[in-house]
Every structure is written in structure tokens, then in C-alpha cells.
Amino acid sequence: EDLIGDAEVTATNAVVSCRCLRGRLTARSSNGNIKLEEHRGSVDAATSNGLISVDVEELGAEGIQLATSNGRIVLELPVEVDGDVDLRVDNGVIRNARPLCRCTRDTAGRVRGTLGSGGTPIRLRTSNGSISLRKFYMRRVLRLYPALIVAIVGALAVPVNRLELLHQRCDRLVFREGFLR
């Protein structure tokens, strides 16, 4: 947590979890998840069996490369980011909540396109799992403004512990029955 500079992390049968790093991060795990929060810089992460979840506050020049053979990939990027996106699944679904310019989608489970003016590589690969590309904005709102969420929930006259925030769409918060996380 709170490391400035390049880092390399390797684990076997364990979770790799890092928060608030600044610099290039290389993370490898076999039979374990990789979770990176509030990262500023480039990321090269791979696991053989596990989820990769990365939220990036600021994208480094070397970009993002995430790969797993058996697991889901979730990447949250800043609202304003420039990158060349290449998403590929062999057996799974691609969920993209980001508008891509010059977007191409093929039947073989591949989506390519440009965010902003492009340039920085963003490559995500999974053999068996899904890929989700999202905006980083919503997690930041939840972290910085929990009172706002409580006020909105209170205005809806629904108990806070019975709601789950699903996503942000067109500056509206969408809820469903469940638990607030």
C-alpha cells in the first residue's frame, strides 16, 4: 500500500492485493486472484486460475496488460483516458461500458477500439471467463461520498442494507434488491 516506484509481485496459491501504487506493477499468480486498487501507472498482471480486478486512477505510458486462463477480468479506467483497447475471450462474454471509437467486434470473441485519442495499449485476455471494461468513476463516488449514497437511499425510503448499487448510467444511480456494498 502507498508504494511509489516499480514493483514486481509473485504468488502461488495466494491472492495478490495491492492498493495505491504509483509506477509499473508486474503481478503473477498461479491459482490465485489479483486485485489492484487505486493504481497510478502501468500494469502487467497474469494468473493461471483466478480473477483479475484492476482499477486505475491514472494510466501509465506502457499501458495495461491483463491475462488469465481461467477467470474473469474487470478493468476500471478513469473517465478521461487515451488508449488502444484490445479485448479477447476464447470462451466467455465481453462487457464494455466504455464508448470506443473505430470499434470492431468479431464473432471469435474479440473487441478492438480506441478510447480518447488512443496510443496507450490496453490488452485483456481470458480463455474461460468474462471481461468487463468500466469507468472508474462510480467506485470513487462510493468511497468519497458515502453520505450522498445514504441520502439517496433515504430519499427512496428503502433500508440501506437491502440495496445493492449496480452501476451508473447517464448520471443516475441504479439499485436493485440486495445488499449495499
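**Reading salt bridges and strand pairing**

Modeller: Let us begin with Arg 40, which at 28% relative accessibility counts as partly exposed. The model we are reading is predicted.

Biologist: With which residue does Arg 40 form a salt bridge?

Modeller: To read such a contact, one looks for a side-chain nitrogen of Lys or Arg within 4 Å of a carboxyl oxygen of Asp or Glu. Here the partner of Arg 40 is Glu 58, and their closest N and O atoms are 3.4 Å apart. The two residues belong to distant parts of the chain: Arg 40 is in strand S4 and Glu 58 in strand S5 (residues 52–70), 18 residues apart. Glu 58 is partly exposed as well, because its relative accessibility is 45%.

Biologist: How many salt bridges does the structure hold?

Modeller: There are 11 salt bridges. One of them brings together the side chains of Glu 37 and Arg 19, at 3.7 Å from N to O. This pair also connects distant parts of the chain, with Glu 37 in strand S4 and Arg 19 in strand S2 (residues 16–19), 18 residues apart. Glu 37 has a relative accessible area of 22% and is therefore partly exposed; Arg 19 is partly exposed at 30%.

Biologist: Which residues are linked with Arg 19 in a network of salt bridges?

Modeller: The network joins Arg 19 with Lys 35, Glu 37 and Glu 38.

Biologist: Is Glu 76, the salt-bridge partner of Arg 134, buried or exposed?

Modeller: The cut-off is needed here: a residue is buried under 20% relative accessible area and exposed over 50%. Glu 76 has a relative accessible area of 6%, so it is buried. In their salt bridge the closest N and O atoms are 3.4 Å apart. Arg 134 lies in strand S12 (residues 131–135) and Glu 76 in strand S6, so the pair ties together parts that are 58 residues apart in sequence.

Biologist: Where is Glu 80 placed, and is Glu 80 buried or exposed?

Modeller: Glu 80 sits in the loop between strand S6 (73–77) and strand S7 (83–91). Its relative accessibility is 74%, which means that Glu 80 counts as exposed. The C-alpha atom of Glu 80 is separated by 9.0 Å from that of Lys 135, a residue 55 positions away along the chain.

Biologist: How should I read the pairing of strands, and which way do S1 and S3 run?

Modeller: In a regular strand the side chains alternate between the two faces of the sheet. For the pairing itself, one follows bridges from strand to strand. Strand S1 (residues 7–12) and strand S3 (residues 25–30) run parallel and are joined by 6 bridges. Ala 7 has Leu 25 as its bridge partner in S3. Leu 25 also stands opposite Val 43 in S4. S3 and strand S4 (residues 34–47) run parallel, with 5 bridges between them.

Biologist: Which strands are joined to S10 by bridges?

Modeller: S7 is joined to S10 by 6 bridges, and the two run antiparallel; Gly 83 stands opposite Leu 115 in S10. Strand S9 (residues 101–106) is also antiparallel to S10, with 4 bridges, and Cys 101 has Thr 114 as its bridge partner in S10. Strand S10 (residues 110–115) is mostly covered, with 5 of its 6 residues buried.

Biologist: Which residue takes a positive phi in the hairpin of S9 and S10?

Modeller: That residue is Gly 109, with phi near 80 degrees; the hairpin has 3 residues between the strands.

Notes:
Residues numbered from 1 in each chain as written. Predicted model: local features only at pLDDT ≥ 70, side-chain atom pairs only at ≥ 80, totals over all residues. Heavy atoms only, no water. Buried < 20%, exposed > 50% of the residue type's maximum accessible area, 1.4 Å probe, protein only. Pairing = 2+ DSSP bridges.
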